[in-house]
Amino acid sequence: MSRKSSSSQAAYQSRATHYVSYLRVPFDIHERQILDKTAIGVYEFDPKPKRQFWTYLTSGMSEKGQRPPSKKEIFTELLFYSTEQSFWAVELLVKLSSYP
């Protein structure tokens, strides 16, 4: 995994804290490198009684802004739900996060 700059590391930690505060500690975190060695994490949360599905959430996409035609720059992360644990969901989110 490439070394994150201190500002990227702080942003990554801030997102992690936010995710844990709203969803709890993840079941697993899958880290990958995309494009120009940008680090992307996919957080995997297992089902709980009040949320009976697997939740997958990216962390790192928002490090780079996206500029849709004729709009201001936006910063996004991706969220995916599944009724079963899905390794393919992790890979799908990694692939989608590679697009500008």
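The buried residues of helix α1 pack against β1 (28-34), β2 (38-45) and β3 (54-59), where buried means under 20% relative accessible area with a 1.4 Å probe and protein chains only, and contact means heavy atoms within 4.5 Å. The model is predicted: local features need pLDDT of at least 70, side-chain atom pairs count only at pLDDT 80 or more, and totals for chains, interfaces and linings use all residues. Residues are numbered from 1 along each chain as its sequence is written, and side-chain values use heavy atoms, without hydrogens and water.

Helices (H or I, at least four residues) and strands (E, at least two) are DSSP runs, numbered from the N terminus. Helix α1 covers residues 6-23. Its buried residues are S8, Y12, R15, A16 and Y19. Seen down the axis of α1, these fall within an arc of 105°, so they line one face of the helix; the arc is that of the directions from the helix axis to the C-beta atoms. On the other side of α1, S6, S7 and S21 are exposed, that is, over 50% relative accessible area. Just after α1, R24 has a positive phi of about 95°.

The sheet is open, with four strands in the order β1-β2-β3-β4 and antiparallel pairing; two strands pair if DSSP finds at least two bridges between them. β1 and β4 (79-82) stand at the edges with a single partner strand each, so one side of each is left without a neighbour in the sheet. Five bridges join β2 to β3. E44 stands opposite Y56 in β3.

Conventions: The expected span of a helix is 1.5 Å times one less than its number of residues.
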